[in-house]
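Trainee: Could we go through this model together before I set anything up with it?

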Amino acid sequence: MRRALLVALLAGSLASAADLEPAAPGHASARELALRLHDDLGAGLAGTIPTVVLEALCELDHERFGKDPGELYERFGYLRTKDDPLPVGVTERRLLGVRLRNYNCLACHAGEEKGALVVGAPNRTLDFTGFYDAVFEAVRERAKDTCGRLKLLEAARRYHHRKGELLSVAEGASLLAFAERLAKADLPKRKGEPYGPGRTVVVAAYRRLRFGMDAGPYAPVKPPDLFGVRARSSLLWTGNERHAEGTPVAEKIARNGLLVPWVQVHPLLEKPVPDDVIVSRIDRHRRMAELLAEAAAPPVDAKPSERGRQLFVERCASCHGEYRQEERDGKLVTTVASYEEKLVPVDEVGTDPNYEASQDAEFARRIGETPIGRLYAESCSEQAYVARPLLGLRLRFPYLHNGSVPSLRALLEAPDKRPKRFHVGADAVVSRDACGYVEAEPRGPRSALRDTTVEGNRATGHDYGTDLGEADKKALLDYLRSL
Amino acid sequence: MSFPPPPPDSVLERLLDEHAPLAPAPLVPEIQVYQARDLYDLWGAAEKLVGGVLSPPFWAVPWPAGVAIARVLLDAPVWARARRCLDVGVGGGVVAIAAAKVGASSSVGVDVDPWALAVARLAAARNGVSIRLVKQDLAEEDPDETPELVLAADLEYERGRAPLLRTRLEALVASGAVLLAADAGRGFFKTEGLRLVATFDVPVSKPVEGAAMKTARVYCHESNVS
């Protein structure tokens with residue numbers, strides 16, 4: 001009886017975590033969000049996976065991939081809103097009768113809080129590269145020869161039979177073609193340990209696939225939040241892209257979206273998508289970008305102490321700006337009062353240098369020479385990280401650009417006192433008090449251990465506020481949590 | 001995994017006549033086997049016939065490694081003559097039929113797919129030989145009769161099953177059997193412990209194999225080489 005109750009409770013908690021309310025971001029309408037949730041942004045075939053491939057893998061290996069693609073996505077931390085069969089940011093288009101899946105900005109740039117979708121928050125549970133690595137590897141190992149590919153096709157047929165459907169000839173052919181192509185593809189070998197939930201590959205894939213450069217150092221990075229973009233001039237963690245004065249923020253987002261590697265390069269494509277085709281997609285990107293530009297962190301209930309605000313002004317504001325907080329409808333709404341983008345040299349801030357180092361001068365030069373790069377006023381290598389606005393900071397753990405510090409509480413500890421290893425992901429344990437992950441065994445399999453002793457994962461630097469007393473740290477943390 | 005059983009012989013023969021007529025096998029025209037005109041059409045027709053999902057009709061393709069072993073047996077009957085022969089993964093039956101043709105004391109074909117057993121039985125009859133067919137997964141269990149010659153062709157294409165099958169083949173060799181194994185580029189075939197006996201270029205179905213010709217290599221176990 002007790003066991004049955006426990007199972008029921010666990011099932012309930014999982015269900016509530018999976019089915020989010022589709023909250024509207026900022027001033028954008030719910031209708032606009034609904035239109036963008038699965039908008040493929042005109043990405044063409046680059047990066048697509050036939051849906052039938054995912055179905056075949058689920059049929060072959062329930063234990064690893066779940067019983068259907070919905071479960072597969074959930075296992076890799078994709079979010080899902082109520083009554084929506086497709087996860088947030090997953091797209092499905094039909095071409096010649098073949099369903100093709102891809103992703104859009106919202107897969108990484110929509111998180112959750114209190115059971116609601118929050119557009120603009122990073123999705124800290126999504127193991128984006130883990131998903132693709134697992135799917136590609138599972139197909140590759142079965143697709144080495146005709147007999148293996150036929151067994152994949154058999155699995156797809158069984159899946160459809162189980163659903164009372166017949167697999168169409170076109171979809172069967174797409175499965176075989178995808179599998180054969182993947183088996184022959186020269187996929188890049190990733191450096192170092194897996195990126196894990198809440199981080200992704202950006203520069204390495206770009207360097208190797210687009211420019212034929214070496215992949216650069218192991219440099220995992222979080223998708224940046226979009227709450228403070230209106231206050232910023234550049235948008236990247238490094239501030240390496242410069243936009244002309246007066247460029248609307250949505251335009252900046254749209255341009256940067258074009259840079260997402262798999263919009264234009266993909267291991268299965270023999271050559272990158274032509275530049276003019278990529279640039280022609282910017283209108284589709286603009287519509288998504290307008291939604292993202294409206295992103296705002298949800299207001300909070302509690303008002304922080306004045307002491308916390310004072311400490312913030314004294315210790316943090318010179319880099320991170322100042323904020324206005326006012327009550328509206330019983331909630332505390334935060335907006336930027338003043339912020340001037342500040343690039344802090346890597347040597348000064350002391351945080352892990354790999355991500356910045358992966359964008360060296362040669363990389364910046366090559367970006368600048370692409371038609372996308374030419375949309376910028378300048379593409380440079382600043383050897384710095386941007387001190388970002390801190391709106392919605394509570395939704396952005398683990399902290400620093402590489403997600404190397406589990407919580408705000410840990411960030412207020414001296415770097416050598418910060419946790420060396422901690423779990424991240426949908427099943428990792430989260431503490432509201434610490435504002436982030438805590439060192440504890442995860443509740444389930446959707447988690448990964450982050451080892452900050454590895455180069456690229458270092459939790460060094462940004463030791464501001466670490467000298468405060470315990471009471472002041474608590475007050476400052478309360479304030480940071482309220483932003 | 002259980003699949004719908006094959007229909008009665010008369011129904012199965014009608015299906016084969018329509019979609020996979022008997023024809024001389026490539027490289028071994030002395031043997032006739034059922035060969036799919038279009039593998040996918042045959043697969044669909046067979047599933048429609050029994051109203052369920054079937055394993056791919058591996059039994060309607062003269063796989064290049066299989067016909068290569070059959071060629072070796074026909075050219076050098078000494079491998080099989082007067083020996084108890086076991087064909088692992090009998091498929092359409094070309095290897096077991098070749099063993100029977102050259103005077104094996106017994107020719108046994110095993111397969112996990114009951115359709116393969118039915119089709120191989122029909123093919124053996126049409127070739128005027130008798131083979132014994134057993135539904136068995138040698139990745140999971142020992143054969144019910146100790147063989148003197150083990151024949152294994154184009155089997156190692158699944159990561160999970162390939163090492164299990166190889167372990168079984170090694171165990172049979174350790175118990176005194178001679179092994180002839182052949183491969184035409186399957187994903188998980190390993191040549192460790194094997195000696196090359198012969199190489200053949202075999203014409204294959206382009207829609208199935210993605211090429212008009214495949215190279216098949218026949219090996220024996222190195223412990224069988226005196």
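Mentor: Let us begin with a convention: two residues are in contact if their C-beta atoms, placed from the backbone, lie within 7 Å. This is a predicted model, in which local features need pLDDT of at least 70, side-chain atom pairs count only at pLDDT 80 or more, and totals for chains, interfaces and linings use all residues. Residues are numbered from 1 along each chain as its sequence is written, while chains are lettered from A and ligands numbered from 1 in the order in which they are written.

Trainee: How many residues does the contact take from chain B and from chain A?

Mentor: Chain B gives 13 residues and chain A gives 14 residues.

Trainee: And what is the mean pLDDT of chain A?

Mentor: The mean pLDDT (the predictor's confidence in each residue, from 0 to 100) of chain A is 89, with 93% of its residues at 70 or more. Over residues 1-17 of chain A, however, pLDDT stays under 50, and the model has one contact beyond four places in sequence for that stretch.

Trainee: Switching to chain B, what is the strand order in the open sheet?

Mentor: Its seven strands run E5-E4-E3-E6-E7-E9-E8 with mixed pairing, where strands (E, at least two residues) are DSSP runs numbered from the N terminus, and two strands pair if DSSP finds at least two bridges between them. The edge strands, each pairing on one side only, are E5 (132-135) and E8 (194-203) of chain B.

Trainee: In which sense do E3 and E6 of chain B pair?

Mentor: Strand E3 (residues 84-88) and strand E6 (residues 149-153) of chain B pair in the parallel sense over four bridges, and B:Asp87 stands opposite B:Leu151 in E6(B).
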